[in-house]
Amino acid sequence: MLKIEIKPNILDRKRKLVISADMITYDDSDWKDVPNTIFNKDEVEGLRFGIESIKGYAFTIGRRYYIDIRGFDDKVIKIRFTSLYSIRKKNCIKDTLIF
């Protein structure tokens with residue numbers, strides 16, 4: 001079982017991602033009353049990930065990392081994190097490489 005705490009950006013709170021052999025759980029809601037999104041192993045339809053540059057006026061100022069996990073019932077877990085001016089860049093790359 002793999003437990004990761006992801007802080008999507010500087011102003012957001014830490015969110016918990018749990019990956020086990022039979023399920024994926026992610027705290028993707030901004031409200032306490034809304035339950036976490038849970039996918040069983042058999043419910044995962046697709047996985048998409050990528051990196052996008054954040055352009056400034058004359059040069060690149062950061063990166064935005066994307067991970068999307070889609071289920072058969074069109075539920076999607078969207079995991080996003082940002083690195084500006086190379087702050088937290090190594091942590092973002094390490095978290096991305098786990099997948």
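In what order do the strands of the open sheet of 4 strands stand? The views below begin with that question. This is a predicted model, so local features are described only where pLDDT is at least 70 and side-chain atom pairs only at pLDDT 80 or more, while totals for chains, interfaces and linings use all residues. Residues are numbered from 1 along each chain as its sequence is written, and side-chain values use heavy atoms, with hydrogens and water left out.

**View 1. An open sheet of 4 strands.** The order is E1-E2-E3-E4, and the pairing is antiparallel. Strands (E) are DSSP runs of at least two residues, numbered from the N terminus, and two strands pair if DSSP finds at least two bridges between them. Strand E1 (2-6) and strand E4 (37-40) are at the edges; each has a single partner strand, so one side of each has no neighbour in the sheet. From one strand to the next, the twist averages 10 degrees; such angles are taken between N-to-C directions, on a scale from 0 to 180 degrees, using lines fitted to C-alpha atoms as axes. Look at E3 and E4, and you will find 4 bridges joining them. Met23 has Asn40 in E4 as its bridge partner.

**View 2. Ser20 in its loop.** Find Ser20 between strand E2 (15-19) and strand E3 (23-26). Is Ser20 buried or exposed? Ser20 is buried, because its relative accessible area is 18% (buried means under 20%, exposed over 50% and partly exposed in between, with a 1.4 Å probe and protein chains only).

**View 3. An open sheet of 3 strands.** Here the order is E5-E6-E7, again with antiparallel pairing. E5 and strand E7 (76-84) stand at the edges with a single partner strand each, so one side of each lacks a neighbour in the sheet. E6 and E7 are joined by 9 bridges, and Arg63 stands opposite Ser83 in E7.

View 4. Gly62 belongs to strand E6 and is buried, with a relative accessible area of 7%. Gly62 and Ser83 are 21 residues apart in sequence, yet 5.4 Å apart in space, C-alpha to C-alpha. Phe59 sits in the loop between strand E5 (44-55) and strand E6 (60-71). Phe59 is exposed, with a relative accessible area of 53%.
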